[in-house]
Amino acid sequence: MTPIPAPRINDARAFGRVAVLMGGTSAEREVSLNSGANVLEALRARGVDAHAVDGIPALIEALRGKQFDRVFNILHGNKGGGEDGVLQGLLEALQVPYTGSGVLGSALGMDKIRTKQVWLSLGLPTPRYVRLAPGADVQAAAMALGLPVIVKPSCQGSSVGVSRVFSQGDLAAAVELAARYPGELLMEQMIVGGEYTVGILGDVALPSIRIVPAGEYYDYHAKYVAEDTQYVCPGLDGEAEAQMQAQALAGFRAAGCTGWGRVDVMRDREGNNYLLEVNTAPGMTSHSLVPKAAGQVGIGFEDLCWRVLETSLAQEDARP
Ligand SMILES: Nc1ncnc2c1ncn2[C@@H]1O[C@H](COP(=O)(O)OP(=O)(O)O)[C@@H](O)[C@H]1O
Ligand SMILES: [Mg+2]
């Protein structure tokens with residue numbers, strides 16, 4: 001793995017007054033509040049003048065009064081939920097620095113179909129897929145891909161609305177479920193094998209994590225409720241590990257993402273990797289994966305929060 005550079009900032013005062021933006025109104029509000037409380041505590045422990053702000057309207061109000069110098073964004077979710085480029089555009093317009101990806105990376109990362117189109121155009125591996133337009137011939141799509149397939153909303157998260165489909169008779173129900181969520185739908189070939197995720201911090205891919213759910217797959221329950229999901233880090237060894245990290249980093253950059261994030265990857269039984277999606281504001285709860293991967297390379301939670309906060313600095317600000 002590429003060595004992780006030393007922190008660029010030594011004095012907490014260089015960050016100024018920091019808004020830790022959390023909560024909001026998306027379905028992932030509770031997870032975000034949990035992440036946000038952890039981030040706030042960690043930054044304060046390191047002497048950062050950090051304050052909790054719940055949701056975008058409260059942030060706008062505070063910024064009107066020029067109360068903050070920068071934003072640590074730990075909102076999760078789309079539709080103005082903080083992870084889809086809308087918040088990033090607002091902060092760009094107000095010239096307030098913020099952590100993580102900019103407008104393009106955030107918006108693209110929220111749209112699985114368009115992320116895949118970019119990856120495919122660059123020859124990066126991702127499962128074969130069909131975009132399901134309203135009224136699309138779902139049976140024909142499944143025939144083209146070959147069962148089993150995955151049906152999912154293009155712009156959701158947390159495995160919400162995702163179905164595994166093994167027989168033609170179950171296709172309609174899967175499409176109906178995914179269609180309950182806003183935005184487009186897609187069908188993908190199901191990759192049978194192992195599930196991995198790769199955290200990205202600055203210009204470096206962290207060690208992969210292999211996710212071993214006790215149940216059938218990494219659904220909402222396995223992500224947030226079950227205590228018996230196993231996480232193995234690093235998920236692979238040697239050349240295979242290096243290759244997965246390199247592919248994840250390439251996928252992250254290709255999607256215009258910067259700062260920090262997480263790339264989900266499936267690996268089939270022959271050892272071929274397939275990029276699934278990019279997350280631009282990953283969780284920072286005690287169960288979350290980026291903190292696990294960072295810990296593996298000796299970056300504790302406080303250090304991680306500090307380094308993520310550094311992603312809000314323009315390159316030149318950090319020059320000695
Ligand atoms: N093509 C696929 N093959 C196998 N499993 C998949 C595939 N797509 C999604 N999954 C499963 O569904 C989960 C959620 O899918 P993902 O694309 O990561 O969306 P999100 O995490 O945003 O809901 C994955 O973690 C994986 O367990
Ligand atoms: Mg995912």
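A residue is called buried if 20 or more other C-beta atoms lie within 10 Å of its own, exposed if 12 or fewer do, and partly exposed in between, with C-beta atoms placed from the backbone. The model on display is a predicted one, in which local features need pLDDT of at least 70 and side-chain atom pairs count only at pLDDT 80 or more, whereas totals for chains, interfaces and linings use all residues. Residues are numbered from 1 along each chain as its sequence is written, and chains are lettered from A and ligands numbered from 1 in the order in which they are written.

**Stop 1**

Begin by selecting Lys-66, which lies in the loop between α2 (56-64) and β3 (70-73); helices (H or I, at least four residues) and strands (E, at least two) are DSSP runs, numbered from the N terminus. Lys-66 has a positive phi of about 50 degrees although it is not a glycine, and Lys-66 is exposed because 9 other C-beta atoms lie within 10 Å.

With 6 other C-beta atoms within 10 Å, Gln-95 is exposed.

**Stop 2**

Leaving aside residues up to four places away in sequence, Leu-87 touches Ile-56, Asn-73, Leu-75 and Gly-82, where contact requires that the two C-beta atoms, placed from the backbone, lie within 7 Å.

**Stop 3: two helix pairs**

Display helix α1 (residues 29-45) together with helix α11 (residues 301-310), which pack at an angle of about 90 degrees with their axes 9 Å apart. Axes here are lines fitted to C-alpha atoms, for helices over the stretch in contact, and angles run from 0 to 180 degrees between N-to-C directions. That angle makes α1 roughly perpendicular to α11, a label used for 65 to 115 degrees, while angles under 35 degrees count as roughly parallel, over 145 as roughly antiparallel and the rest as oblique. To see the contact itself, select Val-39, Ala-42, Leu-43 and Ala-45 of α1 with Phe-301, Glu-302, Cys-305 and Leu-309 of α11. These residues divide into 7 nonpolar, no polar and 1 charged, where Ala, Val, Leu, Ile, Met, Phe, Trp, Tyr, Cys and Pro count as nonpolar, Asp, Glu, Lys and Arg as charged, and the others, Gly among them, as polar.

Then turn to α6 (138-145) and helix α7 (residues 171-178), whose axes come within 10 Å and cross at roughly 105 degrees; α6 and α7 are therefore roughly perpendicular to each other. Here Val-138, Gln-139 and Ala-142 in α6 meet Leu-171, Ala-172 and Val-175 in α7, and by class the contact holds 5 nonpolar residues, 1 polar and no charged.

**Stop 4: two cis peptide bonds**

Follow the chain to Pro-148, in the loop between α6 and β5, where the peptide bond from Leu-147 is cis, with omega near 0 degrees. A cis peptide bond also joins Cys-233 and Pro-234, with omega about -5 degrees, and Pro-234 lies in the loop between β11 (230-232) and α9 (238-254).

**Stop 5: the two domains**

Colour domain 1 (109-124 + 193-296) and domain 2 (129-189) separately, bearing in mind that these bounds come from an automatic or database domain assignment. Taken over C-alpha atoms, 22 Å separate the centres of the two domains, and 10 residues of domain 1 are in contact with 10 residues of domain 2. On the domain 1 side, α5 (112-121) and α8 (220-224) each supply at least two residues, with α5 giving the most at 3 residues. By class, that side has 5 nonpolar, no polar and 5 charged residues.

**Stop 6: ligand 1**

Finish at ligand 1, which lies between domain 1 and domain 2 because both give residues to the shell around the ligand. Of the 18 residues around ligand 1, Pro-127, Gly-157, Glu-188, Ile-191 and Tyr-218 come nearest, a residue being near a molecule or strand if its C-beta atom, placed from the backbone, lies within 6 Å of it. Strands β5 (149-153), β12 (260-268) and β13 (273-279) each supply at least two residues of this shell, which has 9 nonpolar, 4 polar and 5 charged residues.
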